[in-house]
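Subject: Handing over the structure, with notes

Dear colleague,

I am passing on the structure below, together with some notes on what was found in it. Please keep it open beside this email while you read.

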Amino acid sequence: MKPFTAYASGFIVFLFALLQKSHGQCKEAAKKSEMNLGVKYDLPNFIADTPIQNVVLYKHHVYIGAVNKIYVLNETLQNISVYKTGPVLENPDCAPCEDCRDKANLSNSIWKDNVNMALLLETYYDDQLISCGSVSRGICHRHIIHPDNPADIESEVHCMYSPQADGEADNCPDCVVSTLGTKVLVTEKDRFVNFFVGNTVTSTFQHPHVLHSISVRRLKETQDGFEFLTDQSYIDILPQFRDSYPIKYVHAFENDHFVYFLTVQRETLDSQSFHTRIIRFCTLDSEMRSYMEMPLECIFTEKRRKRSIRKEVFNILQAAYVSKPGAALAHEMGLGLNDDILYGVFAQSKPDSSEPTNRSAVCAVSVRTINEFFNKIVDKQNMKCLQHFYGKDSKYCLNR
């Protein structure tokens with residue numbers, strides 16, 4: 001599979017001072033700058049008591065998911081409400097959302113900090129904030145947002161967990177997020193609300209804490225939990241690769257009829273080097289049969305005077321966003337103002353590591369161009385089997 005490359009051109013600007021001779025003396029070339037560098041800017045700011053993981057905007061309010069707390073800020077970043085999410089008392093004999101206070105003194109009970117792994121807005125059924133934490137098997141809560149008082153996310157809170165029937169504990173649709181890293185995308189299609197979830201998993205996640213690598217689940221109309229669309233609505237990294245081949249899900253977005261995830265992972269099962277991949281599958285594909293991956297690189301090139309080219313590869317994605325281009329960028333890229341652009345912040349990694357160095361770059365590529373590359377791969381049948389998901393002998397890997 002050929003890597004997709006987004007190029008960012010380097011520019012060197014030479015400023016020439018034009019000197020005018022006058023009686024063998026040089027006149028002052030330029031006046032001193034009149035810019036006042038001592039100006040202080042008083043910017044709105046907010047400092048949380050605990051580390052922040054997620055931020056969501058809703059009607060001039062800012063919702064901040066942090067360890068053990070959800071903050072609500074107004075448009076000037078003043079703290080107007082705090083909802084406490086933890087610490088949470090956990091006991092093996094306590095189901096998620098169950099009151100375990102009567103077991104507080106037992107030796108197998110433990111208080112755990114609740115790290116906010118996902119904070120989402122859902123507006124199809126109600127205007128509500130959905131928060132998913134690191135405790136209680138990665139389940140979620142939904143907070144009804146009252147239109148006349150968006151700061152109130154405490155008066156109506158519902159646990160999104162339904163106890164599993166005997167024999168179904170291994171297939172827990174309400175176990176959504178991973179403590180090792182999660183990216184969740186919410187979409188609305190044909191009167192249904194779907195949650196596409198990418199989870200970093202390792203072999204430490206054993207029964208009954210079952211999590212899937214990448215999955216799609218539907219919000220029940222009762223809104224008390226989730227359900228998988230079919231018994232094939234997820235793909236799991238094979239157990240033998242869960243520790244040696246970690247997958248970090250960095251960003252997710254929806255465009256047209258496709259869902260995309262951006263990941264950082266090893267180049268191959270045997271490689272020590274890491275790179276970025278972009279994943280694509282159809283939004284209506286309940287069994288992910290259209291699932292594909294493709295390498296995505298950000299390459300900086302600089303043409304020198306003697307026509308030699310310096311090239312730097314920024315291999316690991318740090319953050320991404322999809323938006324429309326401005327007029328200048330659209331003209332430079334040969335695109336329209338309504339084209340969707342994927343902006344990515346990439347870093348160079350340390351050798352044989354996914355840890356970033358202090359060298360970074362921003363690349364921009366149109367989603368239309370990404371789809372053209374995916375289509376070329378399919379048309380040329382230039383595909384390799386995803387062995388970390390299926391194994392060499394799987395029916396999905398035959399004749400590929």
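Which residue forms a disulfide with Cys94? The partner is Cys100, and the two sulfur atoms lie 1.8 Å apart, where a disulfide is taken to be a pair of cysteine sulfur atoms within 2.5 Å. In general, a disulfide is a covalent bond between the sulfur atoms of two cysteines.

Before going further, please note that this is a predicted model, in which local features need pLDDT of at least 70 and side-chain atom pairs count only at pLDDT 80 or more, while totals for chains, interfaces and linings use all residues. Residues are numbered from 1 along each chain as its sequence is written, and side-chain values use heavy atoms, with hydrogens and water left out.

The confidence of the prediction

The pLDDT is the predictor's confidence in each residue, on a scale from 0 to 100. Its mean over the chain is 85, and 85% of the residues reach 70 or more. Confidence is highest in strand 6 (residues 69–73), with a mean of 97, and lowest in strand 2 (residues 21–22), with a mean of 42. Across residues 1–30 the pLDDT is below 50, and this stretch has 42 contacts in the model beyond near neighbours in sequence, a contact being heavy atoms within 4.5 Å.

The chain as a whole

The chain has 3 helices and 26 strands; these are DSSP runs numbered from the N terminus, with helices (H or I) of at least four residues and strands (E) of at least two. Of its 400 residues, 45% count as buried, a word that stands for under 20% relative accessible area, whereas exposed stands for over 50% and partly exposed for values in between (1.4 Å probe, protein chains only). Among the contacts in the chain with a separation of 6 or more, 50% are made by residues 24 or more positions apart.

The disulfides

Another disulfide joins Cys97 to Cys159, with a distance of 1.3 Å from S to S. This pair links distant parts of the chain, since Cys97 sits in the loop between strand 8 (88–90) and strand 9 (110–112) while Cys159 belongs to strand 13 (residues 157–160), 62 residues apart. Both count as partly exposed, Cys97 at 41% relative accessibility and Cys159 at 22%.

A further disulfide joins Cys298 to Cys363, S to S 2.1 Å. Because the torsion about its S-S bond is about 80 degrees, this disulfide is right-handed. Cys298 lies in strand 22 (residues 292–303) and Cys363 in strand 26 (residues 356–366), so the pair ties together parts that are 65 residues apart in sequence. Cys298 is buried, with a relative accessible area of 1%, and Cys363 is buried as well, at 5%.

One buried leucine

Leu219 lies in strand 16 (residues 214–219) and is buried, with a relative accessible area of 1%. Leaving aside neighbours within four places in sequence, Leu219 is in contact with Glu122, Tyr125, Met160, Val193, Phe195, Gly225 and Phe226.

With best wishes
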